Amino acid sequence: MTVVNEKKTTARAAPSSETSVLGWMRKNLFGSAFNSILTVVTLYVIYLTVKGLWSWGIADAVWIADTRRQCFGISIDGACWAGVIAWLDNIFYGRYPREELWRINLGLVLLIIWMVPLWLPRVKAKIFIGLSTVFLYPFLAGYLFAGGDKDIFMQVMVSAAILCLIGNTLHSIISVMTGNSLAETLIRVLNVKNASEKSQRNILIAILGVGFALVYVWQMGWYVESVSWTKWGGLFLTMVIAGIGIASALPGGIFLALGRRSNLPVIRIISTAFIELFRSVPLITVLFMATTMFPLFMPEGFILNKLTQVIIAVCLFNACYMAETVRAGLQAIPKGQFEGAHTIGLGYWGTMGFIVMPQALKHMIPNIVGIFIGLLKDTTLVSIIGLFDILSMLRAISKDTPWLGLHKEPLLFGAMLFFLLCFVMSKYSRHMEAKLSTTHKN
Amino acid sequence: MMKLTTFLTSVAAVATLAVAATPVTAETTLEIVKKRGHVRCQVGPPSAGYYNLDAKGEWYGLDVATCQAVASAIFGDPKKLEIQSISSQMRFTSLANGESDLLSRTATWTMSRDTQLGLDFLQPNFYDGQGFTVHKDSGITSAYQLKGAKVCVTSGTTTELNLTDFSRANDLNISAVTFEDYNVRDETYLNGGCDAVTGDKSSMAGNMAAFPVPADHMILPETLSKEPLAPAVRHGDSQWRDIVSWTVYAMINAEELGITSKNVDDLRAKSDNVSIRRMLGVEGNLHEGLGLNKDWAYSIIKHVGNYGENYEAYMGSGEQGIGIPRKGSANALWTDGGLMYSPPMR
């Protein structure tokens with residue numbers, strides 16, 4: 001006799017050990033006697049730490065006071081955040097004149113405006129926007145931060161940067177709204193769509209020329225007061241050094257890596273020697289060399305400003321590290337890719353630019369971002385040669401008479417700031433990886 | 001052969017360029033400074049009392065005052081000044097290669113530094129000395145009672161060496177606990193990590209003022225070392241050396257003569273005292289030897305003040321002062337039994 005159950009068996013709920021919190025805890029935290037002890041001890045340590053930090057840093061902390069003595073008067077065991085708050089301007093902007101701080105803020109806002117299109121959908125020519133950020137924005141920002149009289153080169157670059165910023169912004173707005181590029185829209189608006197391609201291009205160039213002339217004339221009257229680099233400091237200085245280092249490390253590294261793999265002996269030897277020299281010396285030594293030895297080699301009276309020397313040193317140093325990372329990435333590309341590229345008739349730059357580099361860079365993202373994060377933290381070494389970066393500023397609080405001896409709170413604040421910056425970079429790199437790895441999904 | 005000739009020609013060209021780029025006549029420091037329009041004065045990383053930043057990012061302190069005084073003497077304006085903060089590893093190099101015009105930082109004047117480093121130390125503006133801080137309730141009242149004690153000290157300084165010498169000479173068997181950072185040193189001492197702290201008395205007094213309960217601690221009377229802290233200039237430019245030393249002397253002399261930043265205008269207009277009239281440039285021609293304006297000393301006192309005013313402001317009981325008493329110390333005027341003494345200005 002056969003029994004056929006035609007009804008579907010109702011699913012039973014998963015056992016409580018799999019679904020409930022208690023079950024999970026029993027399985028993972030109290031699985032054995034040893035695990036239970038570990039759990040209890042760990043929980044206790046976490047409790048002590050959090051409790052200590054909470055009561056010192058928040059519950060008993062003093063937020064408003066004029067001196068550290070007052071802090072002690074209000075609460076002797078708590079943190080004295082009032083000192084950090086009083087020094088916030090110093091920490092963020094260094095000794096930059098207080099009435100000129102808007103220039104740094106404006107520079108940051110412009111950078112954001114410049115870079116936002118890179119993340120927007122439907123915007124074309126992102127590579128151009130990216131490149132202009134690296135090559136034109138520094139001139140505009142540089143003038144905004146340093147001020148003073150512009151020489152003719154600076155005038156041209158500042159005008160180009162402003163024009164580019166306006167163009168970028170218009171282009172992105174139009175792109176997001178209509179999906180067309182700025183050039184296409186201009187052609188349509190001017191109603192010259194039926195003209196030949198050549199005359200269309202001429203019209204665009206003419207518009208560009210007129211725009212440039214207008215901007216150039218406007219910027220001739222634009223003057224901001226000169227602020228000596230010696231007044232730059234704080235997080236601002238850290239970001240300037242790290243920003244230029246990051247922007248130049250990748251292109252520098254790519255060229256050095258290609259040079260090292262080149263078939264031309266002179267280029268190969270020079271690149272290899274350069275990389276090995278800078279890589280085998282600690283950064284602090286490079287910085288010392290740049291600031292103390294370099295002036296000795298120069299004719300008397302020739303003093304390059306110290307910030308420039310430091311930035312050049314940081315750029316060279318990190319380009320060398322980057323070069324080795326890039327070289328590792330290049331070596332991971334199978335030979336077939338090179339051969340395939342040759343087969344379809346691409347030359348050296350074509351092969352590298354269109355076939356090899358895009359694949360290699362994608363693989364290298366974690367390492368590249370690792371170097372960037374390292375670079376950001378390494379910039380704190382410049383405090384040793386007397387630049388007031390964020391770390392020097394944080395340490396200086398404990399020497400200011402009203403806040404004498406206040407050193408834990410500023411350093412903790414600095415640690416949080418650095419964590420935030422590095423964590424954002426790291427998160428963004430994961431995002432990039434995920435975005436670019438679509439073709440390689442397993 | 002052809003290639004070799006080309007190579008040699010280019011080497012020669014480069015060499016010529018290099019020679020041509022080197023200026024033939026050396027300028028004096030005063031000329032360089034005047035041409036540049038400001039004085040480059042070197043201090044160290046912030047140090048309480050001597051040179052520190054306030055919350056607005058401005059420099060202040062006893063050594064900063066010396067810098068401002070030099071700028072006032074030359075330009076009549078204390079703001080024509082660039083303060084360079086340079087770590088102690090690089091302080092002398094940076095003076096030697098011309099980056100700084102003078103060093104006004106807590107550098108101890110020692111014979112080897114004065115004779116071997118190509119620099120000249122001038123009139124000290126602060127006499128410091130090494131001492132000990134202890135908990136008051138420890139019952140210790142003299143450094144000789146520190147037998148077998150653990151003493152906190154910052155590493156790599158003469159302070160550490162002096163401590164070892166003192167311990168050996170008196171058979172005290174002191175064990176040194178070293179730290180890189182003086183904040184950590186003090187923290188350890190406060191939490192009972194060592195029985196005493198050693199360091200320069202001035203800076204310890206400053207740090208002690210910032211302890212949670214300053215009255216629980218005291219500085220022992222013994223002084224282990226001599227630390228005359230003096231400004232320094234490059235060796236070989238006597239005129240510049242004179243300008244900086246007489247700037248410091250002028251501040252000391254002004255205090256002795258009772259000239260302050262408040263009464264200097266009055267005294268210049270009305271005083272009958274020949275010394276005052278001579279110093280403020282009303283009569284005589286003291287300024288000629290320095291190559292400065294007639295009112296160089298007047299500007300110093302008008303803009304920066306005399307030595308006593310600056311001591312009170314930054315080291316003493318002033319609002320930005322760290323509270324080191326001056327009376328009876330080596331930093332009092334010679335008329336009060338101290339070491340602050342200026343040659344006559346006549």
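Visitor: What do "buried" and "exposed" mean here?

Guide: Buried means under 20% relative accessible area, and exposed means over 50%, with partly exposed in between. The probe is 1.4 Å and the count takes in protein chains only. By that cut-off, two residues that count as buried are B:Cys41 and B:Cys67.

Visitor: What kind of model is this, and which atoms count for side-chain values?

Guide: This is a predicted model, where local features need pLDDT of at least 70, side-chain atom pairs count only at pLDDT 80 or more, and totals for chains, interfaces and linings use all residues.

Visitor: How many disulfides does the structure hold over all chains?

Guide: A disulfide is a pair of cysteine sulfur atoms within 2.5 Å. Over all chains, the number is three.

Visitor: Is the link of A:Cys71 and A:Cys80 right-handed or left-handed?

Guide: These two cysteines, A:Cys71 and A:Cys80, are joined at an S to S distance of 2.0 Å, and both are buried. The angle about the S-S bond is 55°, and the link of A:Cys71 and A:Cys80 is right-handed.

Visitor: Why is the disulfide of B:Cys41 and B:Cys67 left-handed?

Guide: The sulfur atoms of B:Cys41 and B:Cys67 sit 2.0 Å apart. The disulfide is left-handed because the torsion about its S-S bond is about -60°.

Visitor: Which parts of chain B does that pair link?

Guide: Helices (H or I, at least four residues) and strands (E, at least two) are DSSP runs, numbered from the N terminus. The pair links distant parts of the chain, 26 residues apart: B:Cys41 is in strand β1 (residues 39-43), and B:Cys67 is in helix α3 (residues 62-75).

Visitor: What about B:Cys152 and B:Cys194: how many residues apart in sequence are the parts they tie together?

Guide: Their S to S distance is 1.7 Å, and with -75° about the S-S bond the link of B:Cys152 and B:Cys194 is left-handed. B:Cys152 lies in strand β9 (residues 150-154) and B:Cys194 in the loop between α7 (182-190) and β11 (196-200) of chain B, so the parts tied together are apart by 42 residues.

Visitor: Which cysteine sulfur is nearest to that of A:Cys315?

Guide: A:Cys315 is in no disulfide, and at 14% relative accessibility it counts as buried. The nearest cysteine sulfur is 11 Å away, and it belongs to A:Cys320.

How values were computed
Residues are numbered from 1 along each chain as its sequence is written. Chains are lettered from A and ligands numbered from 1 in the order in which they are written. Side-chain values use heavy atoms; hydrogens and water are left out.
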